[in-house]
Amino acid sequence: MVAPSFFYLCPQTNVLMASHDDLLKNIISHSKEYGFIFPSSEIYDGLSATYDYGQYGKELKNNIEEYWWKAMVRVHDNIVGIDSAIFMHPTVWKASGHVDAFNDPLIDNKDSKKRYRADVLIEEHIEKIRAKINKEIEKAAKRFGDAFNLNQFLTTNPRVIEYNRQIEEIEHRMKTALETGDLQALKQLILDLEIVDPVSGTRNWTDVRQFNLMFATELGSVSGEASIIYLRPETAQGTYVNFLNVQRSGRMKIPFGICQIGKAFRNEIIARQFIFRMREFEQMEMQFFVRPGEEMEWYEYWKNNRMKWHRNLGMGDARYRFHNHIKLAHYANAACDIEFEFPMGFKELEGIHSRTDFDLKAHEQYSGRKQQYFDPELNQSYIPYVVETAIGLDRMFMSVLSASYKEEKLEDGSERTVLSIPPQLAPVKVAVLPLVKKDGMPEKALEIFHQLKLEVNSQYDDKDAIGRRYRRQDAIGTPYCITVDNETLENNTVTIRERDSMKQERLDIHNIIQVVKEKVDIIPLLKKLM
Ligand code: GAP
């Protein structure tokens, strides 16, 4: 049977999924209905691109943070964590380059009055050419069957060669324009590529302008230039200004790392696609301080380490890929993204940046205080180089939801929506359910629940038929359900139901805590990173 066009076959799971647009819509409404994410200030019609995390969302967020934090500070003996203030001395942002260079190139369409990032319009155009290459590959693979040789095809097919040449040329022109700040050249590229506004369908573009992404406010009651203060656009600077505090108080030896989890704020030109791009979001960042000249080795180390951290969750290796930056940020000498296949396609999930000594050197210049480390092995002082790993907690959250959300048709003809969240991250680990609300079953189930709830996040539920209760737990991603039935009262055994397979096994009551804890334990995941 041919699938209708509003469905597609997920290559990772072989499950028939809603189309990409529908998938995102379904995830958004599911997140609200089941207490993961609510639009902010909804009773006042919400605030654009701002969201609140609900009761299950907060638990999932906590679990992602725990997995990241422990993978950094427990797995690595030379990494510690801090929590710096959101407000910082305004000169920090002058020194870091954010006041002068933390800009996005902005372009408006005069007909639709919509605003876009010029570089994103061009990148989307490149993606369309890439999609054409993939179509050619698909067609050829079908035509040649087992004899298909991808490498040979890519290097000899005239259409593919031409598409790749176009991509290379566009990337080159965009890179040059961005690096030299030539906004006219950027606009010319958009015109030459005949890029149209997706809303109005016209090419009636304004000139490209630079737009600073930092939110500014005023400190205290005195207004004026001197009191301007910024909401931090990254946590990294709070780490840099504490580099020597941590190094000295912790007697840290290079190489060592400092990590942080905290809020960051950016006045994004277009904030959209749910929690993918927001103006207030949370970052999990780690700055790794190394000897000058050793940064590329560590850059490779952290690229691999971070990819392993993601794939470790078992959400499908093919959903991740590296993407090298075309335009390097003002502080970097190498940078790449780990991209994830979101419902909108492959997009940045995490950045890995070799930031050189740019930040510490700038803080030394602007503060007049030395930011140097005395290396006892080399018997010399230097400003360390930095390799950074930076991931958005909200984006990570969205990647987990995207990979986990499934609408399934079951063998008996019924349907269920299930979040197959990795058990270690699931908000609720286990639900305890009496089969029926009589015959002493609720009492026994409550007894088990009270023993479990301090060990792992647990729920007790005795409302509605058992099938409906299983569906409710599936919908919030609870990996295990314990059911108390007639047999429990006779021989002290319960059933344990696994969410994804829906298989049930019998288990002695005394083994419940140990069995559940083993299944949801984060330690085996961390061990794989050692
Ligand atoms: N300290 C380096 C830094 O901030 P970045 O690539 O700009 O680097 C790091 O940001 C990560 O923060 C991104 O990979 C993304 O996951 C997340 N992020 C950035 N802007 C975001 C936004 N507007 N909304 C949600 N997450 C965002």
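# Reading salt bridges, a ligand shell and backbone exceptions

Author: The structure holds 40 salt bridges, a salt bridge being a side-chain nitrogen of Lys or Arg within 4 Å of a carboxyl oxygen of Asp or Glu. This is a predicted model, in which local features need pLDDT of at least 70 and side-chain atom pairs count only at pLDDT 80 or more, while totals for chains, interfaces and linings use all residues. Residues are numbered from 1 along each chain as its sequence is written, and side-chain values use heavy atoms, with hydrogens and water left out.

Reader: How should I read one of these pairs: which residue forms a salt bridge with Asp 104?

Author: Side chains of opposite charge can pair when their charged atoms come close. Here Asp 104 pairs with Arg 117, and their closest N and O atoms are 3.5 Å apart. The pair links distant parts of the chain, with Asp 104 in strand β6 (residues 103–108) and Arg 117 in strand β7 (residues 115–117), 13 residues apart. Helices (H or I, at least four residues) and strands (E, at least two) are DSSP runs, numbered from the N terminus.

Reader: Is Asp 104 buried or exposed?

Author: Buried means under 20% relative accessible area, exposed over 50%, and partly exposed in between (1.4 Å probe, protein chains only). Asp 104 is buried because its relative accessible area is 8%. Arg 117 also counts as buried, at 16%. By contrast, Glu 415 and Lys 409 form a salt bridge at 3.1 Å between the closest N and O atoms, and both residues are exposed.

Reader: Where does the partner of Arg 472 lie?

Author: Arg 472 meets Asp 461 in a salt bridge of 2.8 Å, N to O. This pair, too, links distant parts of the chain: Arg 472 belongs to helix α15, and Asp 461 to the loop between β22 (458–460) and α15, eleven residues away. Arg 472 counts as partly exposed because its relative accessible area is 29%, whereas Asp 461 is buried at 9%. Elsewhere, salt bridges that share partners join Glu 408, Arg 416, Arg 471, Asp 474 and Arg 497 into one network.

Reader: Which residues of α15 are buried?

Author: An α-helix has 3.6 residues a turn, so residues three or four places apart point the same way. In α15 (residues 466–476), the buried residues are Arg 469, Tyr 470, Gln 473, Asp 474, Ala 475 and Ile 476. Gly 477 follows α15 and has a positive phi, near 85°.

Reader: What about the ligand: how many residues surround it?

Author: A residue belongs to the surroundings if one of its heavy atoms lies within 4 Å of the molecule. By that rule 22 residues surround the ligand, the closest being Glu 234, Met 278, Glu 285, Glu 348 and Glu 388. The shell divides into eight nonpolar, four polar and ten charged residues. Ala, Val, Leu, Ile, Met, Phe, Trp, Tyr, Cys and Pro count as nonpolar, Asp, Glu, Lys and Arg as charged, and the others, Gly among them, as polar. β12 (280–290), β15 (345–356) and β18 (385–392) each supply at least two shell residues, and β15 gives the most, with six.

Reader: Which atoms of Glu 268, Phe 276 and Leu 349 lie by the ligand?

Author: Glu 268 places a polar side-chain atom 2.8 Å from a ligand nitrogen. Phe 276 has a backbone N or O atom 3.5 Å from a ligand nitrogen, and Leu 349 has one 2.8 Å from a ligand oxygen. The protein covers 94% of the 550 Å² of accessible area that the ligand has on its own (Shrake-Rupley method, 1.4 Å probe).

Reader: What does the side chain of Arg 395 reach?

Author: Arg 395 lies in helix α13 (residues 393–404). The residue is buried yet has no salt bridge, and the nearest side chain of opposite charge, Glu 348, is 4.2 Å away. Its side chain reaches the backbone oxygen of Phe 276 at 2.8 Å.

Reader: Which peptide bond is cis, and where is Glu 194?

Author: Most residues other than glycine have a negative phi, and most peptide bonds are trans. The bond from Ile 254 to Pro 255 is cis, with omega near 5°, and Pro 255 sits in the loop between α10 (243–249) and β11 (256–265). Glu 194, not a glycine, has a positive phi of about 55° and is placed in the loop between α8 (183–192) and β8 (209–212). Asp 439 likewise has a positive phi, about 60°, in the loop between β21 (430–434) and α14 (441–452).

Conventions. Polar contact = N/O pair within 3.5 Å; in protein donor to acceptor, adjacent residues only side chain to side chain. Lys, Arg positive; Asp, Glu negative; His and termini not counted.
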